[in-house]
Amino acid sequence: MGKTTLLGLVFILISIFGARAQQRTEQAELPFKEIPAYPENYESGNVMARFIDGLGYRYFWATEGLTTSDLAYRPSPDSRSILETMQHIDDLIQLTLNAVEGKSNIRGEKRWKDWSFTTTRNATLTSLNSIRMGVANQSGDTLAAMEIRFNNNGQESSVAAWHLMNGPIADALYHVGQLVNMRRANGNPMNPKVDVFRGKTAN
């Protein structure tokens with residue numbers, strides 16, 4: 001083996017191991033691999049944050065280890081695929097985050113349009129974590145001041161933040177359950193060691 005070929009082989013091996021190490025690092029940094037410790041009290045914002053913890057933990061593991069085949073799977077021709085369901089969940093989470101941050105939701109805006117599966121998953125988990133941090137330790141008065149705002153061709157409208165809980169947050173939980181069922185139907189069930197009650201996953 002020539003010196004040039006050997007150096008090329010070494011470079012390829014370094015690149016492969018480096019990419020895998022980076023992937024493991026990015027995975028370790030994603031939020032909601034476990035549910036955080038209890039809040040200090042039952043303040044309104046902490047209660048809402050705990051619901052986000054449950055959603056984030058379920059979403060993390062429902063989307064962990066999905067294959068290309070899983071992403072394309074749909075139970076019937078007229079239903080969403082797993083990837084399309086993830087994109088819909090991202091819409092719901094972004095709507096919630098916009099309410100927390102006081103931003104309007106622009107009709108027809110799809111931020112995931114050119115995203116890969118990994119980018120979509122990471123962005124959704126990051127947004128969930130931003131929601132959690134935005135509501136934790138907040139009083140009921142602060143939450144009451146939040147609104148869900150919409151911008152439809154320049155026309156602004158809004159509804160009370162109460163709708164976040166029975167609307168996008170509950171809807172996102174519903175769709176995460178669909179992800180779990182669809183990946184099982186496609187032969188790749190979620191990690192059986194996931195414990196949604198304790199918010200921990202055994203090694």
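**Figure 1. Phe32 in the loop between α1 and α2 of the predicted model.** Phe32 is found in the loop that joins α1 (3-29) to α2 (44-62). Its relative accessible area is 5%, under the 20% limit, so Phe32 is buried. The phi angle of Phe32 is near 75°, a positive value in a residue other than glycine. Most residues other than glycine have a negative phi.

**Figure 2. Asn137 in the loop between α5 and α6.** This loop lies between α5 and α6 (140-144), and Asn137 is found in it. Asn137 also has a positive phi, near 70°, and is not a glycine. Is Asn137 buried or exposed? With a relative accessible area of 59%, which is over 50%, Asn137 counts as exposed.

**Figure 3. Arg111 and the residues it touches.** Arg111 lies in the loop that runs between β1 (104-106) and α5 (117-135). Arg111 is partly exposed, because its relative accessible area of 29% falls between the limits of 20% and 50%. Leaving aside residues up to four places away in sequence, Arg111 touches Asp90, Gln94, Ala123, Thr124 and Ser127. One of these residues is Ala123, which is twelve residues from Arg111 along the chain. The C-alpha atoms of Arg111 and Ala123 are separated by 9.9 Å.

**Figure 4. Helix α4 against helix α7.** Two packed helices are described by the angle and the distance between their axes. Here the axes of α4 (residues 82-101) and α7 (residues 162-185) come within 10 Å and cross at roughly 160°. An angle over 145° counts as roughly antiparallel, so α4 is roughly antiparallel to α7. The crossing of α4 with α7 is left-handed.

**Figure 5. Residues in the contact of α4 with α7.** From α4, the residues that make the contact are Ile82, Thr85, Met86, His88, Ile89, Leu92, Ile93, Leu95, Thr96 and Ala99. From α7, they include Leu164, Pro168, Ile169, Ala172, Val176, Leu179 and Met182. Asp171, His175, Gln178 and Arg183 of α7 also take part. The residues of this contact divide into 14 nonpolar, five polar and two charged.

**Figure 6. The protein around these views.** The protein has seven helices and five strands, and from the N terminus on they run α-α-α-α-β-α-α-β-β-α-β-β. Buried residues make up 36% of its 203 residues. Of the contacts with a separation of 6 or more, 71% are between residues 24 or more positions apart. The protein exposes about 12,200 Å², of which carbon and sulfur atoms supply 55%.

Methods: Residues numbered from 1 in each chain as written. Predicted model: local features only at pLDDT ≥ 70, side-chain atom pairs only at ≥ 80, totals over all residues. Heavy atoms only, no water. Helix = DSSP H or I, 4+ residues; strand = E, 2+ residues; numbered from the N terminus. Buried < 20%, exposed > 50% of the residue type's maximum accessible area, 1.4 Å probe, protein only. Contact = heavy atoms within 4.5 Å. Areas by Shrake-Rupley, 256 points an atom, 1.4 Å probe, with all protein chains shown as cover. Axes fitted to C-alpha atoms, helices over the stretch in contact; angles between N-to-C directions. Parallel < 35°, antiparallel > 145°, perpendicular 65-115°, else oblique. Left-handed = near helix turned anticlockwise from the far one by under 90°. Nonpolar A, V, L, I, M, F, W, Y, C, P; charged D, E, K, R; others polar.
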